[in-house]
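Grab a pencil and work through these exercises with the structure open beside you. Each one comes with a task and a worked solution.

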Amino acid sequence: MKKLPLLFLAFLMLTTAISTGCSERKTPANDSIADSDSVAVIDTVAPQDSDTVVLDTMSSIIAATPMPKAADELFDDFLFNFAANNKLQHERVNFPLPVISDNDTSFIEEKQWHMQQFFMTQGYYTLIFDNEKQMELMKDTHISHAVVEKVNLDEDKVEQFTFQRKNGLWTLTDIRQNAMYQNANASFLNFYERFSRDSLFQIASLDQPVKTSLPDPDDDFSYIDGEFYPEQWVDFKPPIMPQHLIYNILYGQEYKQSNKKLFIIRGIANGLETEMTFQMKGGAWKLTKLTN
């Protein structure tokens, strides 16, 4: 069973009537959360109008509601509040905020700050892990360091937003800008950039067979295990596969030279989730398991 932050589990219960008609396959949309200080981020695959209504409503509710103290316990709960609340951002950014690019450091003053909505406007976010054990850090209330990575696949750049928790409160302490080749996941990101766009490369990058785990239509809490072959990819391909801009959250994990990557795509307003397991085989990344 997929687990989302408590804030959104409660919200999804309130918005079921809105989101019920949403199709699993997304089409481009140009709507974004309205905010005078916002910078909209729109990928080629974005929520449909009904999903956008849910996201807009969700963001409005979060922005209008004071963040509960408990939201500082789990980084995810804090981040969703932070991304939707302009006032909270000004309170939780350590101004003047250092921006470090290579060997140069500049500073953003509070009056220069523009609201960062991160992945909120695209309706989903992504996560990268080396193994299943790292995924447990998402639920760890003791972590005090987290990084949100904004990966621009078109420009081969990564922007890292560093958050520290001091005295029980999460605060944005600096921004680091680097070339993608300097990132700990550089090999996988270069592979994924092509995998997300090239259908022939996707088929060539599938294990034979690919293991799969799909929801049981007769039981909402169970999955059916199976497998498929490259020629069946069109029937199993994830409904969302971001191609230009992805986000990653580091919950204190340190990446190593790993031959395995878990790439997770999570919908915000619809509860959809895709987990792809890639492994290095024969010097190339291969999709070995797909869970929808």
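**Exercise 1: counting rings**

How many aromatic pairs does the structure hold?

Solution. Keep in mind that this is a predicted model. The count comes to 30 aromatic pairs. To describe such a pair, you need the distance of the ring centres and the angle of the planes.

**Exercise 2: classify a ring pair**

Work out which kind of pair Phe 95 and Trp 113 form, then say where the two residues sit.

Solution. Start with the distance: the ring centres are 5.9 Å apart, and the cut-off for a pair is 6.5 Å. Next comes the angle. The planes stand at 75°, and over 60 degrees counts as edge-to-face. So the pair is edge-to-face.

Now find the two residues along the chain. Phe 95 is in the loop between α5 (86-91) and β1 (97-101), while Trp 113 is in the loop between β2 (104-108) and β3 (124-129). They are 18 residues apart, and the pair links distant parts of the chain.

Last step: buried or exposed? Buried means under 20% relative accessible area. Phe 95 has 19% relative accessibility, so Phe 95 counts as buried. Trp 113, with 5%, is buried too.

**Exercise 3: a second pair, and its helix**

Solution. Phe 188 belongs to helix α7 (residues 186-195) and Phe 263 to strand β10 (residues 260-267), so the pair ties together parts 75 residues apart in sequence. Phe 188 is buried at 1% relative accessibility, and Phe 263 is buried at 0%.

Moving on to α7, seven of its 10 residues are buried, so the helix is largely enclosed by the rest of the structure. Among the buried ones are Phe 188, Leu 189, Phe 191 and Tyr 192.

**Exercise 4: trace the open sheet**

Which order do the strands of the six-stranded open sheet follow?

Solution. Reading across, you get β2-β1-β6-β5-β4-β9, with mixed pairing. Look at the edges next: β2 and β9 (245-250) each have a single partner strand, so one side of each is left without a neighbour in the sheet. On average, neighbouring strands are turned by 20° against each other, direction ignored.

Now zoom in on one join. β1 and strand β6 (residues 169-179) run parallel and share three bridges. Ser 101 has Gln 177 in β6 as its bridge partner.

**Exercise 5: two partners for β7**

Solution. Take β12 to begin with. Four bridges join β7 (residues 206-216) to β12 (residues 284-291), and the two run parallel. Lys 211 stands opposite Lys 289 in β12. With β8 (residues 219-228), β7 pairs in the antiparallel sense over seven bridges. A hairpin through two residues joins β7 to β8, and Asp 216 has Asp 219 in β8 as its bridge partner.

Thr 288 lies in β12. At 8% relative accessibility, Thr 288 counts as buried. Leaving aside neighbours within four places in sequence, Thr 288 has contacts that include Asp 207, Val 210 and Lys 211.

Technical notes. Residues numbered from 1 in each chain as written. Predicted model: local features only at pLDDT ≥ 70, side-chain atom pairs only at ≥ 80, totals over all residues. Heavy atoms only, no water. Phe/Tyr/Trp six-rings, centres within 6.5 Å; stacked < 30°, edge-to-face > 60°. Buried < 20%, exposed > 50% of the residue type's maximum accessible area, 1.4 Å probe, protein only. Pairing = 2+ DSSP bridges. Axes fitted to C-alpha atoms, helices over the stretch in contact; angles between N-to-C directions. Contact = heavy atoms within 4.5 Å.
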